[in-house]
Amino acid sequence: MRTYLIYKAIRKLSNLLINQLNTLHCRLIFWGNNIHYQSFRTTGIPLVSVAMGSFCQFGNNLMLNNGPKGNLIGCFERCTFFVDTGAKLIIGNHVGMSQAAIVCHTSITIGDHVKIGGGVCIYDTDFHSLDPKLRAINSIDLINKSRKPVSIGNNVFIGAHSLILKGVSIGENSIVGAGSVVSKSIPANQIWAGNPAKFIRNL
């Protein structure tokens, strides 16, 4: 028992020190990527790439869980933020996410008090053209990829391992069940789930 308590005490002190270093590292990453941010907490260090000519803003009390130490949910990736040239990513206040990937090529807006579960991916682009002839030529393929804004309202909860695709709008208070693929918009105050995601019931 004594050995166990000593181990736990050392581990707790170690984690406190690591968390402080992670916070400093995050501040440097945000500063280097010209991200407008307020307060945040982080476990681990996210992957961030914000292109010149884009805009990225994080609200107050952002919570980032990166890797298995952040949230023991079976995801081992870090949170990822990619904002392309000319694109805009805005995340509201009191948003929490675990090992999520947000890839913004045009516009992604996330409201306040949103919970984004482990391994969730949010994309506002198809990444490639739907025309196979265009996909065969890289330079033309990238120019012709489809892009549509994504909007997520206040108090939304997106379950683990879900995929939110381009052009989707999720109304406030709605819930996306774990493992869902959301390809069309969800009204406010509803539960949707499945692949493709379908209406389950009203809240």
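Select Phe127 to start: Phe127 is partly exposed, at 29% relative accessible area (buried is under 20%, exposed over 50%, partly exposed in between, with a 1.4 Å probe and protein chains only). This is a predicted model, in which local features need pLDDT of at least 70 and side-chain atom pairs count only at pLDDT 80 or more, while totals for chains, interfaces and linings use all residues. Residues are numbered from 1 along each chain as its sequence is written, and side-chain values use heavy atoms, with hydrogens and water left out.

**Aromatic rings.** The structure holds 6 aromatic pairs (rings of Phe, Tyr and Trp, the last by its six-membered ring, pair if their centres lie within 6.5 Å; planes under 30 degrees apart are stacked, over 60 edge-to-face, the rest tilted). Next, select Phe30, Tyr37, Phe40, Phe58 and Phe81, which ring pairs link into a cluster.

**Whole chain.** Switch to a cartoon view. The protein chain has 4 helices and 20 strands (DSSP runs numbered from the N terminus: H or I of at least four residues for helices, E of at least two for strands). The radius of gyration is 18 Å, close to the 17 Å of the globule rule for 203 residues, so the chain is as compact as a globular protein of that length (taken over C-alpha atoms; the rule is 2.2 Å times the number of residues to the power 0.38). Along its principal axes the C-alpha trace spans about 65 × 40 × 30 Å. Of the 203 residues, 42% are buried.

**Positive phi.** Go to Asn173, in the loop between strand S16 (169–170) and strand S17 (175–176). Asn173 is not a glycine, yet its phi is positive, about 75°; its relative accessibility is 27%, which counts as partly exposed. Move on to Asn189, in the loop between strand S18 (181–182) and S19. Asn189 also has a positive phi, near 60°, and is partly exposed at 32% relative accessible area.

Select strands S19 (190–193) and S20 (198–202) with the loop between them, where Pro196 is found. S19 and S20 run antiparallel and are joined by 4 bridges (two strands pair if DSSP finds at least two bridges between them). Ala193 has Lys198 in S20 as its bridge partner. The two strands form a hairpin with 4 residues between them, and Gly194 in the turn has a positive phi of about 115°. Finish at the peptide bond from Asn195 to Pro196, which is cis with omega near -5°.
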